[in-house]
Amino acid sequence: MAGKTRAILSVLTFSTLAAAQAYKNPDLPPEERAADLVSRMTLEEKARQAQNAAPEIARLGVPAYDWWNEALHGVARAGLATVFPQAIGLAATWDTELTGRIADIISTEARAKYNEAIRTGDRSRYHGLTFWSPNINIFRDPRWGRGQETYGEDPYLTGRLAVAFIRGMQGTDPHYFKTIATAKHYAVHSGPESTRHEFDVHPSERDLNETYLPAFRASIVEGKADSVMCAYNRVNGVPACANTDLLQRKLKDEWGFAGYIVSDCGAIYDIYHGHHYKPNAAEASALAVKAGTDLTCGTEYRALPAAVKQGLITEAEIDAALKRLFTARFKLGMFDPPERVPFSSIPFSVVDSAEHRVVALEAARKSIVLLKNDGGVLPLKSSVKRIAVLGPSADDEVALMGNYNGVSSKQVAPLEGIRKHFDGKAEVKFARGADYTAGTQAQLDEAVQLVQQSDVAVAFVGLNPNLEGEEMKVSVPGFAGGDRTNIELPESQERLLQAIVGTGKPVVVVLTSGSALGVTFAAEKAAAVLQLWYGGEEAGTAIAETLSGANNPAGRLPVTFYRNVSQLPPFDDYSMNGRTYRYFKGEPLWGFGWGLSYSKFAYSELRTRRLAKSGRVTVRVKNTSDRAGDEVVQLYVSGARDSIRDLRGFRRIHFKAGETRRVEFSLAPEDIAGKGIRVTVGGGQPGPAAESVQGVL
C-alpha cells in the first residue's frame, strides 16, 4: 500500500511540476512548450541560444547544443559513416526512390551517432540532429567548385531529388522528426567562390521564378523541410539573410514555411563587413532577425542585447525566433524521455554497416554514366588478358569522397576494385602516368610502355576535391579559389591521354570529377568514355563491374558537358541566357540527360491527352537487346513558354531482355498552358543521337 501511495504521489508531483513548467511536459504541443521555455530565459541567454553553438542553461535543464551538422552524401565530419556518391553523382542516378533510401540510411546513422554522443556526454559540433543538407542551388556554370554538392543544372530534377532526400532525412513519424533537413543556400547562389561574401545578384523575374526558386519551393511545399539556410550574397541589393522579399514574402507568405531559418556561416558578419549594408554587428543582427533569420552560424547575435537597448529590435521579436528554434528541438525529442522517441534505441552498430555498404555500391553503380562506347569496346571481352590502369585518380581515395564527407572503414579505389574483380581473368598492371596538375617524362614513358604491352588501357583522369570545392587556396593553372578558370583537363593529364592513344591500343577513359569536363580529345579519340564522379566508398567496385559488364550502366548527365569556356557567358553573370540545356544554343560535348547503356531501347506509340486540370502522356518503351538493363525515360515539354525545352518528368525503370512497358506521365496545368505544347519522350536530351518520340498536346 505504501508503494502504491508513493507512486500516486510521484504522478501528482510530476503533474504539478509539468503544470508549473509546461516545457517539461511531453504531452503538450511543441510550440506551447517552446513558448514556455523561452519565456523563462534572460535576454542574454536568448542571444546565446540563437547561435549555432548554443551553450547550456543549467538552471532550466537546457543542455548545450551545436546546430551545425552536415550530411550531403552521408553523415559528414563526424568520423565513421557510410560514404555514398557525392550529390552530383546521386543526381546522375535519376532515381528518387534510391535517393530517399539513402537519406533514410543517413538519418539512421545520424540518430545512432547522436544516441552514442548523448550517452558519452559529447555535445560537440557534428554530433547533433539538424543537418545543413541538401544543397539545391542550380549548377548554372561548370566552373563553380561547389557544383559537386548540387543535383545539377535543372530545377525540376533538383526539386524531385530534394523532396526525396528531405523526406528520407526527416522521416514519417507523426510526432517526432528523425532529423531535420536544411535546404540551402537560399537563394540565387552558385559562385564565384572568391566573391561570395560581397556580390550582388539582380536576376530577372523569369530566371528567379523559373530557375533559381522552384527547387526551394518544392522542398518546402512538398518536402516540408523544417529548415532553410540563407545565402551569403545579396539579391537585388539586399543580403539574402536580411531579405524580407525572399524570407517573408516568398518563403513564409507564399509557400507557408513554418520552420526556422539559419544563416550560412558568417553571413550575418557579411552584412556589415562584406556588403557594408549596415555599419556594425548590432544593426546587422537586428535586421537579420527581423527579416526572419532565426539562427546565426557564428557569434554575431551576441550583439542582440545591445540592439534591444538601442531600439533596433524588440525582445518580443527575438522571442519569436527562439520559439521556432526550440520548437524544432522539441520536435526532435531532445527534451523527452528516450522511451517516447522511436529513434532513441538505434544502436551505433548500424553505422558503416554491411547493409549500408550494399546501398553505397548500388548508388555507385547507378551513378556511372557511359558517355561514349565506339565499336562496343565495353564491356571488355573475355579475350582481354592484359589491362593497363593509368592516371592520377586510379589509386586516390580522395577522388572517391567529394567534399562534405564522412569516412567509412573501407574505401575501394578503382585500381583495387579492378584488380579484385579481374583476378584470375586478366593481368592488371598500374602506371600513374601523370599527377593531377603536373607530370614528368619518366611517368609518361612508363605509361606508354605499359600500354604497348597491354590489350586495353583504362585511364582515370580528371579532378579531385583538393582542386575544386568551397573557398579553397588553390593557385595552379586552371583553378582559382576552389573554382576553375577553364574546364579542360589539366595539361599533364591531356598529354597522358594523347600519348597512350598514340600507341594504337584501345583506350577507355574514366573521368573523376564533381563537374563537367571539356574533354574534346577523349570524346574524339578514346574508344570509350565513362563519368565516375566522386563515387563514394564503393566506386572502385562499381567501375570494375561496369568495365566487365557485370553492371550495365544507366546513369544520365545532370549537367551539360560543354567543349570549353568560350561556349559560356562570364562566370559572374547570373542571367540564364546561354546557360544549361534550356538556354544553350551551341553544340555541347554531351548534353544534359545523356547516357548510354549496354542495352538498346526503342520508343513508340506516344499518346497525349488533355484533361480538365492536367495532361497525360504515355509511351511504349521496349528493350530491344538480349541484355537486361535500366532505362531513364525522360519527358520534355516545350511551347508553354516560347521555345524553351523543360524536363517535366522522368522514371528510371529496369527492363528485362526484350521486355516492353507502357510508361505514363502526368503534367501539371502550368506545363500545358496554351495550345500546341510539344512533348518529347526519350532516353536522353533530345537530339539526332538520342532515341525519342515527339507529339503535341
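With which side chain does the side chain of Arg 579 make a polar contact? The partner is the side chain of Asp 141, at 2.7 Å; a polar contact here is a pair of N or O atoms within 3.5 Å, where within protein one must be able to donate a hydrogen and the other to accept it, and residues adjacent in sequence count only if both atoms are side-chain atoms. The model is predicted, so local features need pLDDT of at least 70 and side-chain atom pairs count only at pLDDT 80 or more, while totals for chains, interfaces and linings use all residues. Residues are numbered from 1 along each chain as its sequence is written, and side-chain values use heavy atoms, with hydrogens and water left out.

Arg 579 sits in the loop between helix H20 and helix H21 (580-583); helices (H or I, at least four residues) and strands (E, at least two) are DSSP runs numbered from the N terminus. Its relative accessible area is 0%, so Arg 579 is buried (under 20%, with exposed over 50% and partly exposed in between; 1.4 Å probe, protein chains only). Leaving aside residues up to four places away in sequence, Arg 579 touches Arg 140, Asp 141, Tyr 562, Pro 569, Pro 570, Phe 571, Asp 573 and Phe 584, contact meaning heavy atoms within 4.5 Å.

Axes are lines fitted to C-alpha atoms, for helices over the stretch in contact, and angles run from 0 to 180 degrees between N-to-C directions. The open sheet has six strands in the order S10-S17-S16-S13-S11-S12, with mixed pairing; two strands pair if DSSP finds at least two bridges between them. Strands S10 (369-373) and S12 (427-431) are at the edges with a single partner strand each, so one side of each lacks a neighbour in the sheet. Within it, S13 (residues 456-462) and S16 (residues 507-512) are parallel and share six bridges, and Val 461 is opposite Leu 511 in S16.

A second open sheet is made of four strands, in the order S3-S4-S6-S9, with parallel pairing. Here S6 (residues 227-230) is joined to S9 by four bridges, and Ser 227 has Tyr 260 in S9 as its bridge partner.

Elsewhere, helices H5 (residues 96-119) and H14 (residues 354-367) pack at about 145°, their axes 11 Å apart. Among the residues that meet there are Leu 98 and Ile 105 in H5, and Val 359 and Ala 363 in H14.
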